[in-house]
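Here is a briefing on a single protein chain. Look over the sequence and the model, then read on.

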Amino acid sequence: MNKVSVLLISVPTMLATVSFSVAANADEAAELIHMKRSNLSIEPALVAISDKFPGQINEVELDDHKNQFVYEAEVVNLSEGKLHEVVYNPLTGMVELKETENISLLGFNRFDDEELKALKSMDAKQFSLLGQLAKVKQSHPGLVREVELENEKGVSYYKIKLMSPDGVRKKVILDTENGEMIPVMDRD
């Protein structure tokens with residue numbers, strides 16, 4: 001294959017990648033503008049979701065649902081053996097159940113042993129994501145865009161994505177064992 005052929009094949013691929021990247025950034029920019037304008041806050045979502053679906057929040061993020069911004073969340077209730085996928089509408093304050101799944105089915109667990117151990121530990125300590133987020137926001141003021149429970153190499157933590165008041169994206173790791181916060185350089 002000659003250089004011209006390689007160039008003709010490579011350029012459209014690069015343009016498609018750049019176009020996708022720009023579109024993703026435009027979507028994120030629109031989300032951030034909306035958050036700033038409406039002063040969206042994740043805290044009411046966490047309260048409403050926790051009141052209706054007790055357990056540990058595995059993930060919560062701002063998303064577009066039926067042409068409006070909502071918070072989508074996953075709640076793990078170990079005592080029931082259920083994972084609930086829910087939607088919180090910040091305009092109405094309503095929590096809607098999207099789907100409920102069993103954590104284990106036919107002897108297979110949705111979570112690996114380390115993840116289950118972390119969730120059990122958080123339950124035993126009565127770990128409060130809402131309480132911990134208040135501490136995170138004291139150190140890192142801004143709007144919380146996304147929270148996700150991670151477990152790597154036996155360490156469980158929440159990855160928290162924020163937008164500072166001046167529009168800068170930030171990430172903070174929150175250790176579920178002791179509540180320690182670790183700022184992370186944003187590379188994406």
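Start with one residue in a predicted model. Beyond four places in sequence, Leu 116 is in contact with Leu 78, Ile 103, Asn 109 and Phe 111. Leu 116 sits in helix 3, residues 113-125. The points below set this residue in the rest of the chain.

**Around Leu 116**

- Leu 116 counts as buried because its relative accessibility is 12%, and the cut-off for buried is under 20%.
- Asn 151 lies 35 residues from Leu 116 in sequence, and the two C-alpha atoms are 9.9 Å apart in space.

**Overall layout**

- The chain holds four helices and ten strands.
- Their order along the sequence is α-α-β-β-β-β-β-β-α-α-β-β-β-β.
- The chain has 188 residues, and 38% of them count as buried.
- Take the contacts between residues at least 6 apart in sequence: 42% of these join residues at least 24 apart.
- The accessible surface is about 11,300 Å², with 55% of it belonging to carbon and sulfur atoms.

**Confidence**

- Mean pLDDT is 79 for the chain, and 78% of residues reach 70 or more.
- Over residues 3-24, pLDDT stays under 50.
- For that stretch the model has three contacts beyond four places in sequence.
- Where pLDDT is low, predicted coordinates should not be read in detail.

**Helix 4 and its cover**

- Helix 4 spans residues 129-139, and its buried residues are Leu 129, Gln 132, Leu 133 and Val 136.
- Viewed down the axis of helix 4, these buried residues fall within an arc of 105°, so they line one face of the helix.
- An α-helix has 3.6 residues a turn, so residues three or four places apart point the same way.
- The cover over the buried residues of helix 4 includes helix 2 (42-52) and strand 1.
- That cover also includes strand 7 (143-152), strand 8 (155-163), strand 9 (169-175) and strand 10 (181-184).

**Helix 2 and its cover**

- The buried residues of helix 2 are Ile 42, Glu 43, Ala 45, Leu 46, Ala 48 and Ile 49.
- Among the elements that cover them are strand 1, strand 2 (68-77), strand 3 (82-89) and strand 4 (94-102).
- Helix 4 and strand 7 are also included in the cover of helix 2.

**Salt bridges**

- The whole structure has five salt bridges.
- Side chains of opposite charge can pair when their charged atoms come close.
- Glu 43 is among the buried residues of helix 2, whereas Lys 137 counts as partly exposed at 22% relative accessibility.
- Lys 161 forms a salt bridge with Glu 146, and their closest N and O atoms are 3.8 Å apart.
- Here the link runs from Lys 161 in strand 8 to Glu 146 in strand 7, 15 residues apart.
- Both Lys 161 and Glu 146 are buried.
- Lys 159 forms a salt bridge with Glu 150, with the closest N and O atoms 3.8 Å apart.
- Lys 159 is partly exposed at 24% relative accessibility, while Glu 150 is buried at 18%.

- Asn 58 lies in strand 1, residues 56-65.
- The relative accessible area of Asn 58 is 11%, so this residue is buried.
- Beyond four places in sequence, Asn 58 contacts Glu 74, Val 76, Phe 111, Val 147, Glu 148, Leu 149 and Tyr 158.
- His 140 is in the loop between helix 4 and strand 7.
- His 140 is buried, with a relative accessible area of 14%.
- Residues up to four places away aside, His 140 touches Leu 162, Val 172, Met 181 and Pro 183.

**Nonpolar surface patch**

- Leu 105, Leu 106 and Phe 108 make a nonpolar surface patch of about 420 Å².
- Leu 105 belongs to strand 5, residues 104-105.
- Leu 105 counts as exposed because its relative accessibility is 54%, and the cut-off for exposed is over 50%.

Conventions
Residues numbered from 1 in each chain as written. Predicted model: local features only at pLDDT ≥ 70, side-chain atom pairs only at ≥ 80, totals over all residues. Heavy atoms only, no water. Helix = DSSP H or I, 4+ residues; strand = E, 2+ residues; numbered from the N terminus. Buried < 20%, exposed > 50% of the residue type's maximum accessible area, 1.4 Å probe, protein only. Contact = heavy atoms within 4.5 Å. Arc of directions from axis to C-beta. Areas by Shrake-Rupley, 256 points an atom, 1.4 Å probe, with all protein chains shown as cover. Patch = residues over 30% accessible without salt bridge, like charges linked within 9 Å, V, L, I, M, F, W, Y side chains within 5 Å. Salt bridge = Lys/Arg side-chain N within 4 Å of Asp/Glu carboxyl O. pLDDT = per-residue confidence, 0-100.
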